[in-house]
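Please keep the sequence and the model in view while reading.

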Amino acid sequence: MALSGAAFGRQQAAPISMDIGDEPGRVATAEQIVEEGPFARQLVFFRSSEPAGTIVIHTNERFLYVVQGNNRALRYGIGVGREGFQWSGLVRVSRKAEWPDWTPPPEMIARQPYLPRFMAGGPGNPMGARALYLGSTVYRIHGTNQPETIGHAVSSGCFRLANGDVIDLFERIAVGAKVIIRHGASI
């Protein structure tokens with residue numbers, strides 16, 4: 001996987017879990033995108049009866065699809081929840097934010113007490129450049145200051161994209177958009 005705007009040019013093996021935590025304060029630029037390899041943003045064949053603008057997330061594949069209609073979707077590589085933090089369901093985008101603030105939920109602080117209790121939005125924030133809030137859950141589709149984690153299971157249940165990719169997604173998706181999260185067992 002190659003990332004623009006950063007020195008993350010190494011190729012990644014099959015998507016697996018990475019044993020890393022969030023890195024508050026690590027600075028990532030808004031321009032970072034996955035440029036090549038399986039997790040690069042691309043238009044793909046995608047059979048669906050969902051209307052255009054619907055987001056379909058396949059956690060086991062590590063892809064987020066935006067239905068375009070006519071059996072096509074725009075596919076983004078994503079990072080997903082690590083073992084024990086993956087989930088499935090149907091929600092709607094309840095709000096959107098640019099350079100969102102981050103307040104880790106109490107459950108996350110209990111697991112990772114070194115995390116800040118609050119972090120203002122900006123390039124050093126683990127939420128990245130944009131966030132789409134999923135219903136009334138604590139989960140989001142957001143950017144990341146760790147773009148090398150795209151394609152891996154690393155989060156506490158949120159879905160992360162490289163900052164340039166989440167900015168592109170943010171512009172395409174409206175508040176109220178349907179989001180389908182599918183989690184299948186990997187073999």
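## Aromatic pairs

Five aromatic pairs are counted in this predicted model, where rings of Phe, Tyr and Trp (its six-membered ring) pair if their centres lie within 6.5 Å, and planes under 30 degrees apart count as stacked, over 60 as edge-to-face and the rest as tilted. The ring centres of phenylalanine 39 and phenylalanine 63 are 5.4 Å apart and the planes meet at 40°, so this pair is tilted. Phenylalanine 39 belongs to the loop between β2 (34-36) and β3, and phenylalanine 63 to strand β5 (residues 63-69), so that the pair links distant parts of the chain, 24 residues apart. Both phenylalanine 39 and phenylalanine 63 are buried; buried means under 20% relative accessible area, exposed over 50%, and partly exposed in between (1.4 Å probe, protein chains only).

In a second pair, the rings of tryptophan 87 and tyrosine 139 have centres 4.8 Å apart and planes at 25°, so the pair is stacked. Tryptophan 87 lies in the loop between β7 (80-81) and β8, and tyrosine 139 in the loop between β9 and β10, so the pair ties together parts that are 52 residues apart in sequence. Tryptophan 87 counts as buried because its relative accessibility is 15%, whereas tyrosine 139, at 23%, counts as partly exposed. One aromatic cluster is formed by Phe39, Phe46, Phe63 and Tyr65.

## Basis of the model

The model is predicted: local features need pLDDT of at least 70, side-chain atom pairs count only at pLDDT 80 or more, and totals for chains, interfaces and linings use all residues. Residues are numbered from 1 along each chain as its sequence is written, and side-chain values use heavy atoms, with hydrogens and water left out.

## Overall composition

The protein contains two helices and 13 strands; helices (H or I, at least four residues) and strands (E, at least two) are DSSP runs, numbered from the N terminus. Of its 187 residues, 51% are buried. Among contacts (heavy atoms within 4.5 Å) between residues at least 6 apart in sequence, 68% join residues at least 24 apart.

## The sheet

Strand β4 is joined to β5 by four bridges in the antiparallel sense, and isoleucine 57 has leucine 64 as its bridge partner in β5. These two strands form a hairpin with four residues between them, and arginine 62 in the turn has a positive phi of about 70°. With β13, β4 pairs in the parallel sense over four bridges, and isoleucine 57 stands opposite isoleucine 181.

Strand β8 (residues 89-98) pairs with β13 (residues 178-182) in the antiparallel sense over four bridges, with glycine 89 opposite isoleucine 181. Strands β8 and β9 (residues 130-134) run antiparallel and are joined by five bridges. Arginine 95 has tyrosine 133 in β9 as its bridge partner.

## Charges over rings

Arginine 95 also lies over the face of tyrosine 133, 3.9 Å from the ring centre. Here a charge sits over a ring if NZ of Lys or CZ of Arg is within 6 Å of the ring centre and within 35 degrees of the ring normal. The charged end of arginine 75 is likewise placed over the ring of phenylalanine 63, 4.0 Å from its centre.

## Nonpolar cores

The largest nonpolar core has 24 residues, of which Ile55, Ile57, Leu64, Ile141, Phe159 and Leu169 touch the most other members. A nonpolar core is a set of buried Ala, Val, Leu, Ile, Met, Phe, Trp, Tyr and Cys residues joined through side-chain atoms within 4.5 Å. Two or more residues come from each of β4 (55-58), β5, β6 (72-77), β8, β9, α2 and β13, and α2 gives the most, with three. A second, separate core of 13 residues includes Val34, Val44, Ile150 and Ile180.

Within β4, Ile55 and Ile57 point one way and Val56 and His58 the other, and all are buried. Helix α2 (residues 163-172) is mostly covered, with seven of its 10 residues buried, among them Val166, Leu169 and Phe170.

Conventions: Pairing = 2+ DSSP bridges.
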